[in-house]
Every structure is written in C-alpha cells, then in structure tokens.
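Load the model in a viewer and keep the selection panel open. The stops below go from a sheet to its surroundings and then to the chain contact.

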There are 2 protein chains.
Amino acid sequence: MPDSGPIFERITLIGVGLIGSSIARAVRAKGAARTIVATARSAKTRERVRELKIADQVAETNAAAVKNADLVIVSIPVGASGEVAKEIASSLKAGAIVSDAGSVKSAVIKEMAPHLPKNVHFVPAHPVAGTEFSGPDAGFAELFENRWCILTPPAGTEQTAVERLKLFWETIGANVEVMDAEHHDLVLAITSHLPHLIAYNIVGTAADLETHTRSEVIKFSAGGFRDFTRIAASDPTMWRDIFLHNRDAVLEILSRFNKDLDALVNAIKAGDGQTLFDTFTRTRAIRKSIIEVGQDTAEPDFGRRQGTGEEVAIPRPYASD
Amino acid sequence: MPDSGPIFERITLIGVGLIGSSIARAVRAKGAARTIVATARSAKTRERVRELKIADQVAETNAAAVKNADLVIVSIPVGASGEVAKEIASSLKAGAIVSDAGSVKSAVIKEMAPHLPKNVHFVPAHPVAGTEFSGPDAGFAELFENRWCILTPPAGTEQTAVERLKLFWETIGANVEVMDAEHHDLVLAITSHLPHLIAYNIVGTAADLETHTRSEVIKFSAGGFRDFTRIAASDPTMWRDIFLHNRDAVLEILSRFNKDLDALVNAIKAGDGQTLFDTFTRTRAIRKSIIEVGQDTAEPDFGRRQGTGEEVAIPRPYASD
C-alpha cells in the first residue's frame, strides 16, 4: 500500500454490476483513487449507485464519464465492449489507462483496440473473482482479496502503464499475473467457462423434466446438484457473451472433456471399477492443491450453513485420507 | 421427538464413516436409542471410534455387532452390502429392522435381500446428506438436519417397521419420504450421480493437462472450477460402487445431458445468443426454488469464506433480478 497517496487521481467505472461496484467499494476502502466516477447504461442502475453512495460522481453517458479520468475500467458484458470503446474514444484524456474486467481477453482486444486513440494505454484485465449475484447491490470491497487479476497487455503496451495497473489491483487486494490473451482464454476456458457451460447444461436438463420429477430434483438437490445450480444462477447476459466470444477455446476444452467422459462411461459399461477408482483418486489431489494455495476454504461443504436459518458449526480438517 | 424414551433399545452401525459416525452422534444427541453398537472393517477405524467415544460398544465383527440389535444400519460402499448381509444373517434378532444408507437402492435390495432371514424387516434408506469428507472424524450430529432421508421398502414390507424407521430418521433431524427403489435411483442419478460423474470428469481433464497449465488451473480455480473439485474430492470407493450399481439410470440421464449439451454447443457454433440467453435464464429459477425449499443457503458463494484464514462477511440478498 503506498503511503504516497492514491494511485490514480480520477478513475471512471463504466458498468457498476457485481464487479464494477466491488471495485468502487474497494477503491474507496483502500484509498486507491482520489475521485471515483461511475456510469451505467440503465437509469435505474445509475440511480441505485447514487443511493448506495459508492461513487463520488455518477455520469449520464460513457463519454461524459471518462473526461479527465486517469484510469477507465469497463465492467460490462464483453459483447458490448467494442461499442463502449467507440463511444469513449474521443473523450479520453491523453495518457489515460483504459482497462476492462471481462472474462474473455482476445475478443475484447479485437473489439476495443481499433477504436482507442494512440495516446492512451490499453491494458485489458480480468479479475478472477465473483459470486452468482449481479448488480450494484451485490458488490463488496473484499471481493478481490487473495484472488488473481490477470493482465493481458497487447504487444507494444508501455511497461509503466502495466506496472501502474498492477499496483492498482494489488492495492485493492488482488494478486496480479501478466499473460498472453490467447493463453488466458484457454486457461479460463477450463477453470471457468467449461464449468459454467456444464452447470448450465445439467440444470437445464433438470429444468426440462416433467413437473413431478423436477420438484423431486429440487427436493433432493443436496446430493451434489445444488452446487451446480449456484453456478447456473450466474448472469445470463454475461455468460451468453463469454461463450460467443471465447468459442474456439471452449470448444477445444469441451472436446477433451468429452473424450475423457467417453472413457469414464466405457469403464462404467464394462464394470471396470479400477479405472473409476483411479480417476476418482487423482481428482482429490487437485482439490488439496487448491486449498493449499488459498483459492478455496478447507471447510467441508464450503463451510456452507444449511438452509435452515440456523448456523450449523462444522469446522473439521481433512479426515482419513 | 417422543417423550416416551428412545425409539430403539439397541442400534448397530456397520460402517462408521461420515454417515455412520454422524448417525452415532445424532442418535446420542437426540436420545434416539439406548445403546449404540458400532463396528467397522478396519481395526484402525474401530480404534478411532473407541477414541472418539461416539458409540457405547465397539464390536470386532459384523456378526457380533448385530446380536440383539433392534435396528441395524449398514453404512458402507454399496458394493460390499451383499457380503455384509450374508455375514450378519444368522446373528440377527427376530423382528429386527435392517437398513442401510446407500446412495443406490435397487442394487442394494437385489444384493442384500436374498441373504436376510424372513423374520427381520428390511427397510433400505438413503439419507441425502454429506460433505466431501470421509471417515469417523468427518461426522457431525447436525448432518441430517433439514435434509431428506428416502426409504425404499420392497413390496410386502410391514408398514409398522417403515413407520418406526421413519420416526427414527425424523428424530435425528431428517425429513422422510417413501418411494420406489427404481424411482429413487433415477432421481438420484440426476441430483447426485451425474453431477459427481461430471465433476470427477472435468477435474480429471484438468489433472491430465501438462504441468504448467495444471498449476495455472489451480491458481485461477476461483472462476467456477473449484466448486467441481469439492465434489470430485468425495470418497473414491463409495463413488466407484455407485456408478457400477446404478449404471442404467446414470447412462439414461447422461444421454439426456449429452443431447442438451449438443444443443448448447450448436448454439455457440451458430452464434445463437438468444438460445444461450434463454437457457441461462431458465436455470436461475431452479436455484431459487432450491433456496426457497431450504435445501441450500441463500448467501452468495455458499457463504464461503475466502481461503485467506480471514472471515469475509458477505451477507446479501438476491440482487437485481
């Protein structure tokens, strides 16, 4: 944390959903910028941001919002980012850093970069953090604590701009990694996009069941299904855009997934218990690694409180394995 | 809760893992039986159960354990249940209720029923509850609170025995539903078995990646993947047996899942955003229903504390939808 004051004089947040509103809250909590300007496409969201008082100013348009900003972060469904770049291009201050928070990076670069003037620094970013909730009320200042933020500066980006954005994200709690946009898109296809596709799909399959069975699925969801429904409750517009804009990487990972699934299914059909056992044993090690690097809680069932209104204390270490 | 004293004089738990040890703890907490006898296949587990003092007696063999028991609950991987039925058959008390806690019911009935004497009541059961942890240390008395326990008595089972087992499960916190074993196996194939197969598979796909990418997957797992790793950390022996013993229902549900996935993939390939948006919107309703019926917490991210050792407070209602 710099004692030397805020990292940016004036930052502008375009889009104030879960991510944008969490950035606003975190920036204020950490003093990472002197002035926070926010804007959103809908009048309702802008009004809500005013009520929540999470920004110093709320602007009516994207172009007005970015005036004099030192950092602009676009946190909207990725399909809309090209249009926003076009809208703000002529209002950006020379030397400003323009960034985003999209879950897909190659497509965002392709869609935003051509519109941006040469005298700004374009440093795309993806904070790997979130919940299944959406909108300005869903954000919280701690969202990025101990989470990763991946920067994917295009070739030729000025290193000082990358360093400054890195310091910004570190100041609001994140760990920062810099990588190539294509590599980002492949890694995230595995860690995020395919899991969401699968979760949406399995919940969709259940939604299509006839009414009686569907109500039983809801009733007996504690056997594993309910976890998928949390992921499948994520924002539909955001996820529509992710799949449309990271198509190739998602399809590539999906084909590996299908090949592996065929092998598991063949083992089930053949009564090959050893293959099943071996697969199910290997996967446990990945879970342990994730807990060891601090990317998930070690508490059983995520430390989840049962849906009874009561809090049930279930702290326990890994047992017997 | 009956004021009239314990429901069973003497209950025997064969298998003292997560489920068996939770039953032991819940029975003692609620006074549901006067005497709890436990046994386990391994000497190490029996010793641990003695140390934990969660049973009144620890028996060395299954046959010895069931002597004079009014209720016997077999909580072991379902593949071993036929063998256990054979071992205990000649030691069971006339009029005893024999039950289990297996996640598959048709196969358990097929494997246990032929060995059991005519003068006992066989009432198979499946408490739909658990965590990703295993072993006697993983259990806790509240595991069954507000969870469902499904009873699947074969045709001709005496109703009084079913009612008594129902009262037992209700006493230790569960809601009870009675259904046909085949129907149970189909519903659980959707709510539990397919989700586990998919989770094991996707984590397995990640485990097969080359070392560098795998470490990135672990690092950036907060985007969704980490949820799957929790499920894929479940007990390998238990799950091997479930897939081998509920093969037909799992394959039936899997074929529906694959058909739906093909449709989603075709929408991605065709750039058909509307189909994606519609699917992702429908699935949100299922999540809400699950929370409404109290089968999951409404807190974002399961109320999960980030893996930092700190507790991060993030209570918030469903926002903006």
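This is a predicted model. Start with chain A and colour its six-stranded open sheet, in which the strands follow the order 3-2-1-4-5-6 and pair in parallel. At the edges are strand 3 (57-58) and strand 6 (121-122) of chain A, each with pairing on one side only.

Next, select residues 8-14 and 33-39 of chain A. These are strand 1 and strand 2 of chain A, running parallel and joined by six bridges. Within this pair, pick Arg10(A): the bridge partner in strand 2 of chain A is Thr35(A).

Keep helix 6 of chain A shown and select residues 148-151 and 175-178 of chain A. They are strand 8 and strand 9 of chain A, a parallel pair with four bridges. Ile150(A) is placed opposite Glu177(A) of strand 9. Together with helix 6 of chain A, strands 8 and 9 of chain A make a right-handed β-α-β unit.

Finally, show both chains. Here, 104 residues of chain B contact 104 residues of chain A. On the chain B side, the elements giving two or more residues include helix 8 (211-219), helix 11 (247-270) and helix 12 (273-292) of chain B. Which helix of chain B gives the most to this side? Select helix 7 of chain B, which gives 18 residues. Coloured by residue class, the chain B side divides into 51 nonpolar, 30 polar and 23 charged residues.

How values were computed. Residues numbered from 1 in each chain as written. Chains lettered and ligands numbered in written order. Predicted model: local features only at pLDDT ≥ 70, side-chain atom pairs only at ≥ 80, totals over all residues. Pairing = 2+ DSSP bridges. Contact = placed C-beta atoms within 7 Å. Nonpolar A, V, L, I, M, F, W, Y, C, P; charged D, E, K, R; others polar. Right-handed = clockwise from strand over helix to strand, strands pointing away.
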